Amino acid sequence: MSKRWLTWLRLRLKGIEMNEISMETLQEWSKLGHRSTIGETLLLLGKENSNVYVTTADLTPTARLTNFLKAFPDRLFDVGIAEQNLIDFTAGLAKEGLLPFAVGLAAFVPMRCAEQMRINMGYMNLNAKVIGIEAGVRFGPLGNTHFAMDDIAVARAIPNMTVISPSDPRSIYKAVFAAAEYVGPVYMRLTGAPGFPILYPDDFDFQIGKAIECRSGRDVAIISTGSVLAEAIGAADILRSKGISARVVDMHTIKPLDTEMLDRVFAENRLVLTVEEHSIIGGLGGAVAEYKAGFDRSPKQLICGLGDSFRKVGSYEFQLQDNGLTASQLADLVVTNLS
Amino acid sequence: MSNRNSVEFIQKKALAMRRDCIEMGYAAGSHGAHFGPAMSCIEVVAGIFFSAMNHNPQDPFMPTRDRFVLSKGHACLAYYSALVEAGYFPRDLMRTFKGDNSFLSGHPSCHVKHGLEVASGSLGNGFAVACGMAKAAKVKGEGHYVYCVLGDGECDEGLIWEAAMNAVKNNLDNLIAVVDRNSFQLAGRTHEIMNLNLEAIWKAFGWEVRVVEDGNDVLSVITVLNEMRSATSGKPHLIIAKTVKGKGVSFMENNLAWHAAPMGKDKYEQAVADLAALEIEGN
Ligand SMILES: Cc1ncc(C[n+]2csc(CCOP(=O)(O)OP(=O)(O)O)c2C)c(N)n1
């Protein structure tokens, strides 16, 4: 029996049916960005599973939850602008068997409610899901109060917490359904500006904790998380034109890390680049380095992410450039370090 | 800076500030701007900067200056426009709003030399910091006041109430806070999202509370601001200013779509025309 079929069967038995998403829908989501993707995905999930509830802190239109609210006015609870309360309330719903998804801005969730997530999601090990929208620096012009540079670090340090950062419209959809199926606390950070590309045009198997090898390659491994995967793939293309073979890995689950994939990378690649729209401290780069520290011999790792300083104000393009996260900058870094 | 300007002077400043808000927000192009939240509190901010507050744009670090904290930081356009009109930074910097490397970010950062006292935008925090600043003035025996503007939706945050209790405990009668009661927040009408009787609650917390029925009327606003300053109740002061979100621009008034949005050329021209009409009305 194939794994995909097994997953499908499991979902069927649980009453959750994950339909294949049409290309038109994906294109629409890609055009509108991750916020529409999450709003519409939760609507689809809500239709499949009547136990799914959405909680939010004054963000119904921001997270495009308007259609969910229309379809299920009794299954969306807005606690007002109160992120700590959002998490504890959500935990309470989960405690009594509902399947709640809390949606907040990643700048405030989990940082503002880190303790609530630690105790009432992690310690109590409740089946509550938290979605942080606008993670990273897409809110570049809004200033540092609205950047989420540290959400992976915070969530990752909480025992029991699964941390996921999907990379494109289809993987957001799949990740949300997978999170619904998985029993336990999940933090999902979402990145991807309007126009974020569809990186997975065909159906594929998304499993929490199982990284995806998007490109195979011998010389360097670029391990990426979130929508910046598009830049990582772009970098691999540039490198190929220069005769450098780059493996690209979508480490969509940062916790638990796919160590099997990392074992292969450390054995087969000469250089490792981790790429994320998160602080260079405590994110994917940190997680990979922590695992790598246990090896006698392993390749050099370069951690690419947001520098450890409050960032300047500026457009998203400016932010990616300023932090060395564009495809050409990543490719240059590889070239310099391989020669 | 001369204190206690005439009502007419402040009305003119308020109009100029509205224009500045439109200019800055338009200059931000596709980044958009929080127009509605700024427009609602223009008279409040103008009243604070041009009537109530003791400050000197030529000497932004003056120790005796009153402090201003915009806790509803997303309304930074109102703050920036007051600073421009007061002369804290040159007018031509307005077009850098939200631009790459600009200090005029979409929420205030901390640049005291430009009059920006406290970084805000994470709702609830500015107010709690303002309480600490007011306490510091007391501890240091300094006579200055701290002014703070918060949103009515912002009052959903638990932190507001933790700080409100603490302010009363510390007898912070040098703190004058204004809730911009525009009755909207991000996702809808404030009473639909969290129906709070703000007057009753703030009173119950021990604050001296005054309600301004028309918070977009300069005379009403500055009257209460200045009365609060001379009050001797020993309690921290709270003004609930009933305002109109998007005030002054026809298509923005009470229109949630303008909580935050990019402004195209058509809308820009209409906004400019609306403000020109207001000026004629005012004369
Ligand atoms: C802690 C926090 N949570 C959420 C937000 C997102 N946000 C920005 S403005 C806003 C609504 C604010 O409403 P209100 O305080 O009534 O101010 P208004 O815009 O109506 O003037 C929200 C939820 C934020 N800035 N900070």
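Predicted model: local features only at pLDDT ≥ 70, side-chain atom pairs only at ≥ 80, totals over all residues.
Residues are numbered from 1 along each chain as its sequence is written, chains are lettered from A and ligands numbered from 1 in the order in which they are written, and side-chain values use heavy atoms, leaving out hydrogens and water.

Over all chains, a search of the whole structure finds 24 aromatic pairs. Rings of Phe, Tyr and Trp (its six-membered ring) pair if their centres lie within 6.5 Å; planes under 30 degrees apart count as stacked, over 60 as edge-to-face and the rest as tilted. B:Phe49 and B:Phe68 have ring centres 5.0 Å apart and planes at 65 degrees, so this pair is edge-to-face. Because B:Phe49 lies in helix H3 (residues 42-52) of chain B and B:Phe68 in strand S1 of chain B, the pair ties together parts that are 19 residues apart in sequence. Helices (H or I, at least four residues) and strands (E, at least two) are DSSP runs, numbered from the N terminus. B:Phe49 also counts as buried, at 2% relative accessibility.

## Other aromatic residues

The rings of B:Phe251 and B:Trp258 are edge-to-face as well, since their centres are 5.2 Å apart and their planes stand at 65 degrees. Both B:Phe251 and B:Trp258 are buried. One aromatic cluster is formed by B:Phe127, B:Trp161, B:Trp202, B:Phe205 and B:Trp207.

In chain A, A:Arg75 lies over the face of A:Phe72, 4.0 Å from the ring centre. The charged end of A:Lys174 sits over the ring of A:Phe204, 5.2 Å from its centre. A charge sits over a ring if NZ of Lys or CZ of Arg is within 6 Å of the ring centre and within 35 degrees of the ring normal.

## The sheet of chain B

In chain B, 5 strands form an open sheet with parallel pairing, in the order S1-S2-S3-S5-S4. Strand S1 (67-70) and strand S4 (208-212) of chain B are at the edges with a single partner strand each, so one side of each has no neighbour in the sheet. From one strand to the next, the twist averages 20 degrees (axes are lines fitted to C-alpha atoms, for helices over the stretch in contact, and angles run from 0 to 180 degrees between N-to-C directions).

Strand S2 (residues 146-151) and strand S3 (residues 175-181) of chain B pair in the parallel sense over 6 bridges; two strands pair if DSSP finds at least two bridges between them. B:Val146 has B:Leu175 in S3(B) as its bridge partner.

## Helix H9 of chain A

Helix H9 (residues 229-241) of chain A has 13 residues, which should span 18 Å at 1.5 Å a residue; the end C-alpha atoms are 19 Å apart, which agrees. The expected span is 1.5 Å times one less than the number of residues. Among the buried residues of H9(A) are A:Leu229, A:Ile233 and A:Leu239. After H9(A) comes A:Gly243, with a positive phi near 80 degrees.

Notes:
Buried < 20%, exposed > 50% of the residue type's maximum accessible area, 1.4 Å probe, protein only.
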